[in-house]
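Please look over the model below before reading my notes.

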Amino acid sequence: LGQIGPHLPEVVATLARALEGEPVSPDARRGADPKTFAAVLGKIGTPKALAVLVRALRDHPDAPVRRAAAE
């Protein structure tokens, strides 16, 4: 995802929803680690992906998600 994300904008949108804790598909694992989503967004590195991380760092109510966004 880190490699194809810059070419597929829907990847960033899906990861943003997942970082917020929304189910992204009927078979998505519950309780997935937000560090995974944040790390992939960081690898994508597009302005939109980084904006998601900044927003999570600033506004997310859960400390582990903010920590993952910062990392």
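In which hand does H1 pass H2: a left-handed or a right-handed crossing?

1. Basis. The model is predicted: local features need pLDDT of at least 70, side-chain atom pairs count only at pLDDT 80 or more, and totals for chains, interfaces and linings use all residues. Residues are numbered from 1 along each chain as its sequence is written, and side-chain values use heavy atoms, with hydrogens and water left out.

2. Overall make-up. The protein has four helices and zero strands. Its elements run α-α-α-α from the N terminus. Helices (H or I, at least four residues) and strands (E, at least two) are DSSP runs, numbered from the N terminus. Of the 71 residues, 30% are buried. Buried is under 20% relative accessible area, exposed over 50%, and partly exposed in between (1.4 Å probe, protein chains only). The accessible surface is about 4800 Å², and carbon and sulfur atoms hold 56% of that. Areas come from the Shrake-Rupley method with a 1.4 Å probe; for residues, only the protein chains shown count as cover. Among contacts with a separation of 6 or more, 56% join residues 24 or more positions apart. A contact means heavy atoms within 4.5 Å.

3. H1 against H2. H1 passes H2 in a left-handed crossing. Left-handed means that the near helix is turned anticlockwise from the far one by less than a right angle; clockwise is right-handed. Helix H1 covers residues 9-19, and its axis packs 9 Å from that of H2 at an angle of about 150°. Axes are lines fitted to C-alpha atoms, for helices over the stretch in contact, and angles run from 0 to 180 degrees between N-to-C directions. The pair is therefore roughly antiparallel. The cut-offs are under 35 degrees for roughly parallel, over 145 for roughly antiparallel, 65 to 115 for roughly perpendicular, and oblique for the rest. From H1 come Val 11, Val 12, Leu 15, Ala 18 and Leu 19; they meet Pro 34, Phe 37, Ala 38, Val 40, Leu 41 and Ile 44 in H2. By class, this contact has 11 nonpolar, no polar and no charged residues. Nonpolar covers Ala, Val, Leu, Ile, Met, Phe, Trp, Tyr, Cys and Pro; charged covers Asp, Glu, Lys and Arg; the others, Gly among them, are polar.

4. H2 against H4. Helix H2 (residues 34-44) and helix H4 (residues 63-70) have axes 8 Å apart, at about 25°. H2 and H4 are therefore roughly parallel. Their crossing is right-handed. Pro 34, Lys 35 and Ala 38 of H2 meet Val 65, Ala 68 and Ala 69 of H4. The contact has five nonpolar, no polar and one charged residues.

5. H3 against H4. These axes come within 8 Å and cross at roughly 140°. That makes H3 oblique to H4. The crossing is left-handed. Leu 53, Ala 56 and Leu 57 in H3 meet Val 65, Arg 66, Ala 69 and Ala 70 in H4. Six residues here are nonpolar, none polar and one charged.

6. Two alanines to inspect. Ala 38 sits in H2. Its relative accessibility is 4%, so Ala 38 counts as buried. Beyond neighbours within four places in sequence, Ala 38 contacts Leu 19, Leu 53, Ala 68 and Ala 69. Its C-alpha is 8.0 Å from that of Glu 71, 33 residues away in sequence. Ala 51 lies in helix H3 (residues 47-59). At 35% relative accessibility, Ala 51 counts as partly exposed.
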